[in-house]
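Here is a short briefing on one protein chain. Keep the sequence and the model open while you read.

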Amino acid sequence: MRKMARFEREESPWLMVAGAALTLSVVTAVSIMAGPAHGQTASGRGPLSWIGDITGAINQPAATPPRQAAPSPAPAPRRMAQAGSAKEWSGEDGASGHPLMTADAIRNSAANFGRCVAGFWPEAHRRGVSEASFRRFTADLYPDLRIMDLMDSQPEFTKSVWDYLDILVTDARIARGREVLAKNAATFAAVEKAYGVDRYIIAAIWGIESNYGTQGGDRSVLNSTATLACIGRRQGYFKDEFLAALEILHHGDLTPQQMRGSWAGAFGATQFMPTAFKKFAVDFDRDGKRNTVDDVPDIIASTAAKFKKDGWSQGQTWGYEVEVPRGFNYLHADRTKNYTIGQWEQLGVRRAGGKPFPRTGDKAFLLAPAGADGPGFLMLGNFRSIMRYNPSEAYALAIGHFADRLRGGQPFVQEWPRQERVLSRDERFELQQLLARRGFYRGEPDGTLGSETKKALRSYQAAAGLPADGFASSGVLARLRGR
């Protein structure tokens with residue numbers, strides 16, 4: 001929904017759509033937290049120990065905007081404590097170091113929560129939300145400060161791509177996915193005809209995002225987005241999500257009870273954010289409502305609509321597992337380097353298992369998610385479409401592989417380097433420091449293995465006579481340490 005050391009990425013609007021929701025599937029399976037959308041542990045003192053000091057401030061009447069002003073009554077602190085999640089806010093500064101994520105900034109914003117929500121009325125009115133709807137749906141909102149810990153958590157350890165795939169692509173999930181495909185075969189066929197999107201990809205998204213509707217989060221989407229619109233470091237982004245949630249409720253497509261999801265506001269079977277729901281949700285069964293929560297035709301069609309908009313190519317696969325030759329120049333393994341399949345063959349790349357490529361003119365980039373000691377993958381344009389659903393290479397690989405398994409495909413042919421240990425955050429920080437000392441890394445060490453770190457690592461590997469695959473292994477760290 002950052003999941004692994006090698007697949008950390010910048011937060012983006014669509015990351016918030018699927019990234020936070022994906023965690024629910026992973027966490028339910030293994031009780032592991034990772035990334036800004038994931039942490040579920042908190043430390044420190046009681047959650048709202050400061051609340052008595054701000055009771056008066058929160059409950060003062062909100063400033064009334066000019067015209068169509070419908071101030072939203074702020075909740076009493078007692079309701080905040082009762083309605084919040086089982087685990088409470090730590091009361092500590094966020095790990096990001098952002099000025100809006102300090103404990104004092106969070107407290108001050110929470111004290112102004114009622115005024116903040118009321119201040120959204122003029123824009124809600126411009127979007128067609130009635131005063132009655134605004135009052136009704138904002139009456140019981142409260143600042144869920146536990147979200148601040150979840151937003152800014154930084155895991156000590158992250159997961160390897162092979163562990164990630166093991167968690168998400170399981171025999172049980174494959175079996176359940178095939179049942180869903182068989183039960184809803186007519187709907188999948190109709191949607192496939194209407195949108196040209198592979199049914200197995202849609203079924204894979206549905207399975208990984210919510211385990212076919214059985215896992216999806218239980219926080220109020222409206223309350224979560226209101227909290228994030230008024231408190232923390234991404235208020236501008238979440239203001240739009242909050243207003244979109246209000247529009248959905250006002251129009252009657254969904255009820256507040258249906259709009260329950262992740263802390264970041266993703267909800268429904270395939271985990272749309274409110275703005276994504278507004279843009280892509282369709283009433284495929286023509287019952288008068290767009291429902292991506294528990295209406296199967298709308299779930300399937302709305303997800304397909306998103307993929308069609310994101311450039312899905314009908315009749316094309318997402319990619320191929322490939323064997324990369326020894327001595328290969330891994331500088332070619334770059335998302336910006338799209339070669340034809342024929343050109344990759346000239347570089348010695350072969351399809352795994354001895355199978356031929358169906359179309360040698362298709363363009364693809366090479367992904368080596370575990371470096372030279374793991375399998376390679378040639379990724380076509382549809383892989384990029386999956387990444388627009390969630391901009392993580394590991395996530396997109398899991399979706400593509402799960403889809404292939406649902407259609408009857410086999411596990412990957414090549415072995416993963418399971419002997420490799422994923423670096424801890426402190427070790428990633430040390431890796432950057434050591435690369436900087438040797439003149440390869442010019443950024444500020446932060447423990448995040450982003451593109452600049454990968455570029456520096458490749459340069460070091462090439463200079464040291466190693467495969468320049470950019471893979472941050474424990475062996476490379478040991479070599480940098482001089483061991």
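Trp-318 touches a run of residues beyond its sequence neighbours within four places, among them Leu-378, Phe-383, His-401 and Asp-404. This is a predicted model. In it, Trp-318 sits in the loop between helix 16 and strand 3 (319–323).

**Trp-318 and its surroundings**

- Trp-318 has a relative accessibility of 3%, so it counts as buried, the cut-off being under 20%.
- Further contacts of Trp-318 include Met-379, Leu-380, Asn-382 and Ile-386.
- Leu-397 and Gly-400 are also among the residues that Trp-318 touches.
- Trp-318 and Ala-403 are 85 residues apart along the chain, yet their C-alpha atoms are separated by 9.6 Å.

**Pro-411**

- Pro-411 is placed in the loop between helix 19 and helix 20.
- Is Pro-411 buried or partly exposed? Its relative accessibility is 44%, so Pro-411 counts as partly exposed.
- Pro-411 and His-401 are 10 residues apart in sequence. Their C-alpha atoms are 8.1 Å apart in space.
- His-401 is also one of the residues touched by Trp-318.

**Helix 10 against helix 19**

- Two packed helices are described by the angle between their axes and the distance between the axes.
- For helix 10 (residues 171–183) and helix 19 (residues 393–406), the angle is about 65° and the axes are 9 Å apart.
- The crossing of these two helices, helix 10 and helix 19, is right-handed.
- Helix 10 brings Asp-171, Arg-173, Ile-174, Gly-177, Arg-178 and Leu-181 to the meeting.
- Helix 19 meets them with Phe-402, Arg-405 and Leu-406.

**Aromatic pairs**

- How many aromatic pairs does the structure hold? There are 18.
- In one of them, Phe-120 and Phe-242 have ring centres 5.4 Å apart and planes at 50°, so the pair is tilted.
- That pair links distant parts of the chain, with its members 122 residues apart. Phe-120 is in the loop between helix 5 (113–118) and helix 6 (121–126), and Phe-242 is in helix 14 (residues 235–251).
- Phe-120 counts as buried at 8% relative accessibility. Phe-242 counts as buried at 0%.
- Phe-307 and Tyr-389 form a stacked pair, with 5.5 Å from centre to centre and 15° between the planes.
- Here too the pair links distant parts of the chain: Phe-307 is in helix 16 (residues 296–309), Tyr-389 is in helix 18 (residues 381–389), and they are 82 residues apart.
- Phe-307 and Tyr-389 are both buried.
- Trp-162, Phe-377, Phe-412 and Trp-416 are linked into a cluster by ring pairs.

**A charge over a ring**

- Arg-234 lies over the face of Tyr-237. The distance to the ring centre is 4.5 Å.

**Leu-435**

- Leu-435 belongs to helix 20 (residues 425–437).
- With a relative accessible area of 0%, Leu-435 is buried.
- Neighbours within four places in sequence aside, Leu-435 is in contact with Phe-440, Tyr-441, Thr-453, Ala-456, Leu-457, Tyr-460 and Leu-480.
- Leu-435 and Pro-445 are 10 residues apart along the chain, and 9.7 Å separates their C-alpha atoms.

- Which phi does Tyr-212 have? It is positive, about 60°, although Tyr-212 is not a glycine.
- Tyr-212 lies in the loop between helix 12 (199–210) and strand 1 (219–220). It counts as buried at 6% relative accessibility.
- Gln-271 is not a glycine either, and its phi is positive at about 55°.
- The loop that holds Gln-271 runs between strand 2 (260–261) and helix 15 (274–280).
- Gln-271 is buried, with a relative accessible area of 0%.

**The whole chain**

- The chain has 22 helices and 7 strands.
- Of its 483 residues, 55% are buried.

How values were computed: Residues are numbered from 1 along each chain as its sequence is written. This is a predicted model: local features need pLDDT of at least 70, side-chain atom pairs count only at pLDDT 80 or more; totals for chains, interfaces and linings use all residues. Side-chain values use heavy atoms; hydrogens and water are left out. Helices (H or I, at least four residues) and strands (E, at least two) are DSSP runs, numbered from the N terminus. Buried means under 20% relative accessible area, exposed over 50%, partly exposed in between (1.4 Å probe, protein chains only). Rings of Phe, Tyr and Trp (its six-membered ring) pair if their centres lie within 6.5 Å; planes under 30 degrees apart count as stacked, over 60 as edge-to-face and the rest as tilted. A charge sits over a ring if NZ of Lys or CZ of Arg is within 6 Å of the ring centre and within 35 degrees of the ring normal. Axes are lines fitted to C-alpha atoms, for helices over the stretch in contact, and angles run from 0 to 180 degrees between N-to-C directions. A crossing is left-handed if the near helix is turned anticlockwise from the far one by less than a right angle, and right-handed if clockwise. Contact means heavy atoms within 4.5 Å.
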